[in-house]
Amino acid sequence: MANLVNLETVSKSFGVRPLLDGVSLGVGDGDRIGVVGLNGGGKTTLLEVLAGLEEPDEGRVSQTRGLRMAVVTQRTSLPDGSTVRNAVLDPLGFAAEHEWAADPRVRSILDGLGITALGLDSPVATMSGGERRRVALAAALVQDLDLVVLDEPTNHLDVEGVRWLAEHLLSRRSALVVVTHDRWFLDTVCTRTWEVVGGRVEQYEGGYADWIFARAERARLADAIEEKRRNLARKELAWLRRGAPARTSKPRYRIEAAEALISDVPPPRDSVELMAFAKRRLGRTVVELEDATLKVGERTLVRDLTWRIGPGDRVGIVGVNGSGKTTLLRALAGERELDAGRRVQGQTVKLAHLSQELHDLDGSMRVLEAVEEVARRVVLGKQELSASQLAERFGFSSQRQWTPVGDLSGGERRRLQLARLLMAEPNVLLLDEPTNDLDIDTLQQLEDLLDSWPGTLVVISHDRYLVERVCDKVVALFGDGGLTDLPGGIEEYLRRRDAQREAVAAPAPRAASPSSSSAADQRAARKELARLERRLEALQKKEAQLHAKLAEAATDPERLMALDAELKAVLAEAEDVEAQWLLAVETAEG
């Protein structure tokens with residue numbers, strides 16, 4: 001079967017730097033290809049040349065006749081003055097509202113990417129960059145296509161959104177070429193991997209795990225060949241010095257597949273040792289929130305929350321976009337005042353907070369100078385690194401370290417921000433989406449550093465690999481005013497969110513109304529919100545009373561059992577009301 005797109009000895013340079021050098025490859029019908037490589041290495045350029053957005057300097061790009069293709073890159077723009085409806089639905093040619101509303105595929109895409117919540121009549125011009133990217137992604141996915149080309153589609157999506165996108169792409173018949181640093185997404189969706197490195201494109205079968213193994217095996221074989229060459233040179237030199245030795249049989253080199261690659265690799269971290277070291281550095285008190293309430297406008301993010309973060313704790317925070325994760329992290333950092341309650345910080349705490357914003361640095365300063373401005377050497381666990389060595393761990397080669405800060409890309413500035421943060425040797429690290437704009441190699445370096453980092457760590461991230469590797473505990477904001485512990489991690493979070501949606505889902509109407517009733521729905525939802533909040537407050541008071549009664553009845557087993565059954569019923573009702581409240585919030589804000 002002929003390929004949908006072919007590249008034949010394609011070369012592309014920017015300035016004197018070749019990003020693609022004699023690349024030949026093809027995209028077949030039904031292929032799902034993940035593109036990986038270092039930031040600035042040519043991944044986006046490969047996508048744009050493949051999609052016909054950029055002309056190659058040399059070589060040829062050919063497409064099958066009548067190819068239906070949609071492309072969403074970081075440079076994709078939406079029409080000036082358009083609304084969400086104009087950008088996503090109008091190109092489909094629906095004559096009336098009820099036509100697209102009755103299309104389950106279109107509805108799934110709008111809901112899965114959070115487009116419905118944005119509002120179909122919202123102007124695109126007033127949206128954030130992340131919201132515009134989601135609208136552009138929806139505009140591509142609602143079409144019937146042979147090939148979908150996506151550049152970092154998981155950026156600006158929460159954990160649920162990433163899972164939805166993976167499931168949607170798996171259910172399509174379209175071929176896919178996607179640049180992403182989300183390793184769970186790569187492993188789940190892709191059947192082939194292209195690595196853009198040094199102007200070439202190395203091709204591998206399988207997703208992230210298969211690519212990592214194949215790359216490690218290739219490196220091991222290269223090391224073995226180099227070691228053999230060195231050994232032969234040493235033997236030749238010895239022969240020249242003392243004459244021909246007796247002939248001996250050569251040892252056979254045996255490959256033991258994956259086990260050979262990881263047989264001498266230590267565990268990611270010694271949690272017991274790190275915890276003990278953290279206690280010596282931090283003492284008993286780290287950061288605590290007591291009876292804390294946080295609000296944004298009239299909306300309560302957390303209510304009467306008591307959260308004690310101890311020495312050596314490694315916590316991941318998850319939740320839907322807008323649930324208050326960043327606000328909570330800023331409150332932990334002391335950068336945001338609590339609306340009620342108090343924050344306590346230990347005397348020995350040295351806290352560092354990586355926010356999503358990039359702080360301005362002197363543009364004329366060199367990268368190495370910016371790192372050395374904080375410190376010249378740093379001790380991270382058992383590793384002592386110079387500023388130059390740490391910069392290299394974050395993807396700045398010795399040559400790149402002399403680049404002016406003003407010439408760095410957004411991803412490189414993010415890496416520099418991380419390096420400066422760690423050079424300060426904090427013992428409490430708060431990271432808000434640290435994986436944004438980082439390539440996979442840099443992510444691996446960051447995880448390796450955090451594995452052996454002996455302090456307290458709180459991370460917000462939609463990167464499941466990062467959370468599962470560096471965190472020992474996961475908590476979630478479900479919009480109920482509390483912080484929920486998730487022993488089952490992100491999988492438990494997704495199960496709970498699914499259960500919430502199923503519990504509050506109303507039966508689908510037999511026929512969609514031809515006229516929009518969103519305004520009426522919002523008014524009804526706001527009225528329902530007020531009712532649900534009153535009911536929640538009543539249930540919380542009842543719960544507090546029952547806890548007090550349980551304490552008083554400690555010596556009366558029969559009364560204890562009766563009170564415990566009553567408490568369970570109250571908690572079950574509260575959970576149901578909270579789920580209804582979440583749905584009402586989404587409708588009221590839509």
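Is Arg 400 buried, partly exposed or exposed? I looked up its relative accessibility, and at 28% Arg 400 counts as partly exposed. The model I am reading is a predicted one.

**Entry 1. Overall make-up**

I began with the secondary structure and found 20 helices and 20 strands in the protein. I then turned to burial: of the 590 residues, 47% are buried. For the surface, I noted an accessible area of about 30,300 Å², with 50% of it belonging to carbon and sulfur atoms. I also examined contacts between residues at least 6 apart in sequence, and 68% of these join residues at least 24 apart.

**Entry 2. Cysteines**

How many disulfides does the structure hold? I found zero.

**Entry 3. Salt bridges**

My search of the whole structure returned 24 salt bridges. I followed several of them individually.

I recorded both partners as partly exposed: Arg 60 has a relative accessible area of 47%, and Glu 8 has one of 35%.

I next inspected Arg 308 and Glu 288, whose side chains meet in a salt bridge at 3.6 Å, N to O. Because Arg 308 lies in strand β11 (residues 299–309) and Glu 288 in strand β10 (residues 287–296), the pair ties together parts 20 residues apart in sequence.

I then returned to Arg 400, whose side chain meets that of Glu 412 in a salt bridge of 2.9 Å, N to O. Arg 400 sits in the loop between α14 (387–393) and α15, while Glu 412 is in helix α15 itself (residues 410–423), so this pair ties together parts 12 residues apart in sequence. Are the two partners buried or partly exposed? Glu 412 is buried, with a relative accessible area of 11%, whereas Arg 400 is partly exposed at 28%.

I also noted a network: Arg 183, Glu 447, Asp 463 and Arg 469 are joined into one by salt bridges that share partners.

**Entry 4. Cavities**

How many cavities of 30 Å³ or more does the whole structure contain? I found four. The largest cavity has a volume of about 70 Å³. I listed the residues that line the largest cavity: Val 72, Arg 133, Arg 134, Leu 137, Asp 151, Glu 152, Pro 153 and Asn 155. Which element gives the largest share of that lining? I traced this share, three residues, to helix α6 (residues 129–141).

Technical notes. Residues numbered from 1 in each chain as written. Predicted model: local features only at pLDDT ≥ 70, side-chain atom pairs only at ≥ 80, totals over all residues. Heavy atoms only, no water. Helix = DSSP H or I, 4+ residues; strand = E, 2+ residues; numbered from the N terminus. Buried < 20%, exposed > 50% of the residue type's maximum accessible area, 1.4 Å probe, protein only. Contact = heavy atoms within 4.5 Å. Areas by Shrake-Rupley, 256 points an atom, 1.4 Å probe, with all protein chains shown as cover. Disulfide = S-S within 2.5 Å. Salt bridge = Lys/Arg side-chain N within 4 Å of Asp/Glu carboxyl O. 1 Å grid on protein atoms, 1.4 Å probe; cavity = no way out; pocket = protein on both sides within 12 Å on 5 of 7 lines; lining within 4 Å. Points joined across faces, edges and corners; volume = space filled by probe spheres on them.
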